[in-house]
Structures are given as structure tokens and as C-alpha cells.
Amino acid sequence: MDKNVELIDEEKPKKRRKLKKNIWIIFIVLLLIVGGFSYYFIRENNLKKKQEEERKIILNIKSHYNEYVKVDRDSRIFIKKNNEYIENGMIYQDEELSLDDVDINLNTKYFPIKDKDYYIEYNNVSKIDELKEYSNRYQNYLPFNENIITKENFTLYDNDKEVITLKEEKEFPIIIKDYENKYYVEYDNRLLSIKKDDVKEVVKHENTTKKNQSKITTLAYHRIYDTNDKCTDNYICLKKASFDKQMKYLSDNHYFTLNMRELYMYLKGNLQIEKGVTITFDDGYLYKAADEVLNKYNLNGTMFVITGHFKDFTPFHELTNIDLESHTDHLHRNYVCTGGNQGGAILCAGHDDIVKDLKSSCEKLGIEPFALAFPFYDYNDKAINALKDAGFKISFIGRGGKMGKATPKETDLYKVPRMTIWNDNLMSFNTWKSYL
């Protein structure tokens with residue numbers, strides 16, 4: 001056989017093997033290329049998914065953050081120690097908070113509460129536009145020179161609603177002392193209460209150098225009339241301009257005008273004031289001018305309404321600076337009994353009839369029984385006992401004691417004196433000032 005033919009026959013298998021090898025190499029390279037691209041695209045897709053998930057998580061966290069937030073449910077609060085968050089109490093649903101600035105990232109779980117060393121889980125709050133405003137009347141009270149020291153687990157309340165529970169001992173100056181088994185303190189620019197059972201001890205502490213007022217006058221007005229009003233009772237009809245002059249004097253000289261509950265606490269020794277007076281109005285007639293003046297000077301008054309004389313009480317509830325209390329329902333009738341100043345009907349009415357009348361009066365006004373002005377300043381022990389059974393805490397008579405002033409812890413709360421204010425012809429401005 002020809003050697004050349006033999007060589008050709010031998011090279012054919014080699015070429016086929018080499019071709020197969022090259023094909024496999026090309027296949028493997030293509031497989032690697034496809035696998036590489038697949039891996040790259042899968043990795044990029046997973047990375048994008050992860051980034052999208054992280055973006056959504058951060059957006060969710062940010063959706064809860066704001067300068068002002070509301071607590072959506074009863075929530076734990078935490079303190080931070082050694083970079084660890086430790087539970088330290090509870091804050092309750094619907095409370096509102098200010099938050100400190102925070103750099104939000106994937107690891108953000110807690111928001112810092114402004115001006116506090118506390119944190120709250122981000123998913124327990126939601127955004128609000130602004131914080132609600134609370135009454136600052138308590139800033140007119142003098143703190144006692146005593147502090148409470150709490151137990152290591154205590155709760156602060158707004159009325160009967162829980163606000164915050166803390167698992168640590170705290171010390172607070174006393175604003176209202178031992179009233180209905182509670183102490184009242186300032187917390188987060190609010191007046192809140194703490195139950196006596198949550199107080200470990202009371203200690204002396206100088207919180208103020210100002211002195212508590214030793215006596216207080218309650219002024220009794222009747223009709224305040226404007227130029228277009230008709231007022232036929234010359235004795236108790238006072239011009240709006242004269243009332244304005246008196247109220248301006250109170251405002252200019254920084255008198256605090258107490259409402260009924262504040263006066264009650266002051267007389268019981270639960271509350272202190274530096275300089276105050278109580279303004280009251282009897283009957284429920286010609287009150288709009290009085291309310292306008294009180295609003296002008298940011299002063300407060302209380303009106304004792306004869307509810308039996310009125311059918312529509314809507315106008316009374318539209319008053320801005322005058323609270324409502326009872327002047328009886330149908331017992332404002334004089335010269336029907338013997339004794340007293342004017343023989344008022346309350347002197348000889350039956351016990352059950354008085355209780356029923358007083359409760360009816362409060363129901364019409366939409367209030368709970370608390371304060372009553374005796375009609376015509378007429379009262380007796382029977383009337384006072386009925387008053388107590390009807391749930392009233394304080395009641396007013398006429399002038400008594402030195403210039404009608406009431407003294408803390410000494411004045412009978414059911415015989416609180418008032419000074420009647422007459423018209424300009426019967427009472428000068430200087431005489432009025434002397435009553436304060």
C-alpha cells in the first residue's frame with residue numbers, strides 16, 4: 001500500500017478527534033459564556049430586587065416619621081444603654097409626641113422622643129400635622145415646696161386616661177396636693193396626675209419663694225348690660241363700661257380668676273395661688289356683655305343659672321369664658337317661706353324635692369352637680385344636707401366674715417361668702433377695689 005495513502009488514513013481519525021475536541025471546547029466556552037451572562041443577569045436581578053425591597057423598607061420607615069406623631073396603639077418605650085434598647089415602660093394609644101431628628105436606614109427600628117431619653121418602635125406611630133394644645137391654667141398655680149418621689153413603676157394620667165407608665169423612680173414638684181388620692185405634677189408641659197399608691201414618699205423641696213394667698217374674695221354680679229340692652233333692676237344692673245374697668249384692673253394687676261374646681265381645691269388646701277379672685281354671676285340674664293369683657297382680658301367667670309326660667313340653653317353653651325353651675329331649677333322664689341334674707345323657697349321645701357330640683361337643674365345644663373349659689377343667699381341646715389345628697393361639693397351664701405373673704409381650710413365649703421356688686425350709684429370703683 002502506498003505510504004501516502006496510509007498517512008492520509010492515519011490523519012483522518014486525528015482530525016476527527018481534534019474537530020470533536022474543538023467542538024467541545026466551543027460548546028464549553030459558549031456554555032460558560034451563557035452561564036456567565038445568566039449568572040450576571042440573575043445576580044443583577046436579585047440585586048435590583050434586594051435594592052427595591054430595601055428601598056420599600058426605608059420608605060415604610062420614613063412613612064411613620066415626622067416631627068409630630070400619634071401613638072397608634074399602647075406601645076412599649078425604651079431606653080438605650082451600651083447600644084442596646086431596653087424596655088422602660090409604656091406609652092398609651094392616641095398620645096402625641098415630638099420626635100428628634102433621626103438618620104433613617106435599614107437598621108432603624110426606633111425613633112427618639114424629643115427632650116426625653118426614650119425611644120419608641122417606628123411602626124407604632126403615625127404622622128400628624130401638629131400637636132394638640134393643652135390648658136396651661138396650672139401655670140398660674142403656685143407649686144408646693146414639696147416633691148413626690150415615685151415608686152420604680154408608676155403611671156401618669158390625664159383625668160382617668162393613662163398617658164405613660166415608667167419603670168424608674170422619678171421626682172416631681174407638687175402642683176396640686178393630695179386631691180382625691182392623687183398628686184398633680186407637670187410632665188411634658190402638661191398637668192398630669194399620679195395615684196398616691198404610686199408615690200414612695202413626699203420630701204421637702206424649695207420650688208418657689210412666693211407665698212400662697214391667705215384669703216380669697218368671690219364677687220357676685222347679676223346683670224351686665226350694654227348700651228342697647230334694657231336693664232330694669234337698678235340695684236344689680238351694671239354697665240358694661242364699668243364692668244370693663246373692673247376687669248381691666250384685675251388684668252393689669254395680674255389677678256388669676258379661679259373657676260369652681262380651682263376655688264374648691266384652694267379652700268381645701270390642695271392648691272395654692274399667689275393672687276386670685278373668683279367672679280360669679282347669678283340668674284342667667286344679660287350675660288353676653290360680661291362674656292365679651294372676660295374674653296377681652298382672658299379672665300374666667302361662673303354663671304349660676306335659674307334653669308326653670310329658660311327653655312333653650314344653647315346660648316349658654318356658646319359662652320367662651322363663663323362656666324355654668326346651678327342656681328336651682330324652680331326654687332328661685334322669694335317670700336314663700338319664713339326666715340332668711342327673702343324667705344327663699346329652698347328654706348321650707350322638702351328634702352327630696354330639693355334634691356330632685358337640683359339634679360334637674362344640672363341635667364338641663366348638661367353638667368355634673370358641683371357648685372350652687374343659694375337663691376337670695378337663703379339657706380339652712382336642711383337645704384345644705386339636701387345639697388350634699390344631690391352630689392354638690394361647694395355652695396355660696398352672702399357676705400360673711402371680714403369683707404366676705406374665704407379662708408383655706410377654715411371656711412365651710414357649703415357656706416362660702418360672696419360680695420354682691422351693685423351699680424355705679426351704690427358702689428364706687430374704690431369700694432369695689434377694697435373687696436379684693
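Helices (H or I, at least four residues) and strands (E, at least two) are DSSP runs, numbered from the N terminus. This is a predicted model: local features need pLDDT of at least 70, side-chain atom pairs count only at pLDDT 80 or more, and totals for chains, interfaces and linings use all residues. Residues are numbered from 1 along each chain as its sequence is written, and side-chain values use heavy atoms, with hydrogens and water left out.

**Exercise 1. Do the like for N83.**

Step 1. Locate the residue. N83 is in the loop between strand 2 (75–81) and strand 3 (84–91).

Step 2. Read phi. The value for N83 is near 65°, positive in a residue other than glycine.

Step 3. Classify the accessibility. N83 has a relative accessible area of 66%, so N83 is exposed.

**Exercise 2. Count the disulfides and give their pattern.**

Step 1. A disulfide is a covalent bond between the sulfur atoms of two cysteines.

Step 2. Apply the cut-off. A pair of cysteine sulfur atoms within 2.5 Å is a disulfide. The count by this rule is two disulfides.

Step 3. Number the bonded cysteines along the chain. The pattern is 1-2, 3-4.

**Exercise 3. Describe the link of C231 and C237.**

Step 1. Take the distance. C231 and C237 are joined by a disulfide, S to S 1.7 Å.

Step 2. Take the torsion. The angle about the S-S bond is -75°, and the link of C231 and C237 is left-handed.

Step 3. Check burial. Both C231 and C237 are buried.

**Exercise 4. Work through C337 and C348.**

Step 1. Take the distance. The sulfur atoms of C337 and C348 are 1.8 Å apart, and the two form a disulfide.

Step 2. Take the torsion. It is about -65° about the S-S bond of C337 and C348, so this disulfide is left-handed.

Step 3. Find what is tied. C337 and C348 each lie in the loop between strand 24 (322–326) and helix 6 (351–365), so the pair ties together parts that are eleven residues apart in sequence.

Step 4. Check burial. C337 is buried at 11% relative accessible area, whereas C348 is partly exposed at 48%.

Conventions: Buried < 20%, exposed > 50% of the residue type's maximum accessible area, 1.4 Å probe, protein only.
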